[in-house]
Amino acid sequence: MAKISTQSRKDLFTHIGIIVLLLVVLFLGFFFVYLPFTTNHGEAITVPDLKKKNVEELEEFLGDRDLRYEVDCTFVTNTPALTIISQYPLPGSKVKEGRKIYVTVVSRTAPLIKMPKLTDMTHRSAQMLLKSVGLEEGNISYVPDMAQNAVLKQMYNGKEILPGQAIAKGSRIDLQLGEGLGTAQFEAPSVIGMPLDEAKIAIIGAGLKIGQQMEVPAEEGQAAGSVVRQNPDAGNNVRIGDVIDLWVTPQGAEPVENETSLPQP
């Protein structure tokens with residue numbers, strides 16, 4: 001076996017230097033040659049943009065790039081089911097092989113939520129509430145009412161929907177709003193002598209509202225169940241949405257022929 005000469009201090013330091021140098025070479029070789037070769041350390045893959053892709057394409061698409069994925073579902077209106085809407089890491093990020101990509105996908109079915117109460121709200125407040133709970137505004141209609149732009153009815157598929165009823169997220173809700181009182185004036189129609197049902201039709205058809213309905217005894221010549229008085233009177237100026245109060249004789253009532261007549265024995 002060869003012997004290393006250490007007869008002088010110079011030889012000793014030379015040998016120590018050689019040993020230290022060998023250790024440094026081994027250390028650097030392990031971390032910068034061996035590890036990168038065995039673990040692909042330092043190699044990076046650019047994360048692709050997965051948005052708008054269908055989740056069914058991911059297995060092959062990411063598999064070809066040595067990446068994995070994990071799916072989380074949510075519901076988004078007006079977006080096809082199984083469409084990817086977000087991802088992490090973001091597109092363009094550098095990751096190692098085998099890195100898991102987290103994606104959010106639009107679910108097939110809409111979850112059910114409780115219908116909120118929109119009536120008596122302003123139109124703007126109702127719009128914001130619909131958006132916050134995941135519903136959409138549908139058709140808007142107006143009816144004469146003093147509460148201008150206030151929600152009077154909330155409807156779904158042509159029928160009124162009450163607060164608290166279950167409804168699919170993303171559904172379209174139709175709103176009926178108050179139009180406010182118009183500024184144009186016109187003469188109130190006369191409904192005196194009309195049966196109550198006909199009088200109501202005439203009043204509503206003129207853009208007015210039915211107010212109080214008071215029953216009064218029928219007088220001679222007045223038919224049962226007919227209007228004998230109205231307020232405002234016919235011919236008075238009214239506006240769209242104004243209220244007409246009615247005085248009506250009882251149904252089936254006999255007219256009073258003579259107030260001073262005594263009852264028959």
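These legends walk through several close-up views of a predicted model.

The model is predicted, so local features need pLDDT of at least 70 and side-chain atom pairs count only at pLDDT 80 or more, while totals for chains, interfaces and linings use all residues. Residues are numbered from 1 along each chain as its sequence is written, and side-chain values use heavy atoms, with hydrogens and water left out.

**View 1. Lys-100 and Glu-70 pair up in a salt bridge.**
A search of the whole structure turns up four salt bridges (a salt bridge being a side-chain nitrogen of Lys or Arg within 4 Å of a carboxyl oxygen of Asp or Glu). In this one, the closest N and O atoms are 3.2 Å apart. It links distant parts of the chain, with Lys-100 in strand S5 (residues 100–106) and Glu-70 in strand S2 (residues 68–74), 30 residues apart. Helices (H or I, at least four residues) and strands (E, at least two) are DSSP runs, numbered from the N terminus. Lys-100 has 23% relative accessibility, so it counts as partly exposed, and Glu-70 is partly exposed too, at 38%. For these labels, buried means under 20% relative accessible area, exposed over 50%, and partly exposed in between (1.4 Å probe, protein chains only).

**View 2. Strands S2, S5 and S3 make an open sheet.**
The three strands sit in the order S2-S5-S3, and their pairing is mixed. S2 and strand S3 (84–88) are at the edges with a single partner strand each, so one side of each has no neighbour in the sheet. On average, neighbouring strands here are turned by 25° against each other, direction ignored; axes are lines fitted to C-alpha atoms, for helices over the stretch in contact, and angles run from 0 to 180 degrees between N-to-C directions. Seven bridges join S2 and S5 in the parallel sense (two strands pair if DSSP finds at least two bridges between them). Look across from Glu-70 and you find Tyr-102 in S5.

**View 3. The largest nonpolar core has 13 residues.**
Leu-50, Leu-58, Ile-101 and Val-103 have the most contacts inside this core. Helix H2 (58–63) and S5 each put in at least two residues, and the largest share, three residues, comes from S5. A nonpolar core here is a set of buried Ala, Val, Leu, Ile, Met, Phe, Trp, Tyr and Cys residues joined through side-chain atoms within 4.5 Å.

**View 4. Arg-172 meets Glu-136 in a salt bridge between two strands.**
The closest N and O atoms of this pair are 3.4 Å apart. Arg-172 belongs to strand S11 (residues 172–178) and Glu-136 to strand S7 (residues 136–143), so the pair ties together parts 36 residues apart in sequence. Arg-172 is partly exposed, with a relative accessible area of 46%, whereas Glu-136 counts as buried at 18%. The two residues are also bridge partners, and S7 and S11 run parallel, joined by six bridges. Both strands belong to an open sheet of four strands in the order S7-S11-S8-S9, with mixed pairing. Its edge strands are S7 and strand S9 (159–160), each pairing on one side only.

Most residues other than glycine have a negative phi, and most peptide bonds are trans. Asp-120 is in the loop between strand S6 (112–114) and helix H3 (123–133), and is exposed at 66% relative accessible area.

Lys-52 lies in the loop between strand S1 (45–46) and H2, and counts as exposed at 76% relative accessibility.

**View 5. Two prolines follow cis peptide bonds.**
Pro-89 is found in the loop between S3 and strand S4 (94–95). Another cis bond joins Asn-231 and Pro-232, again with omega about 0°. Pro-232 is found in the loop between strand S14 (227–231) and strand S15 (237–239).
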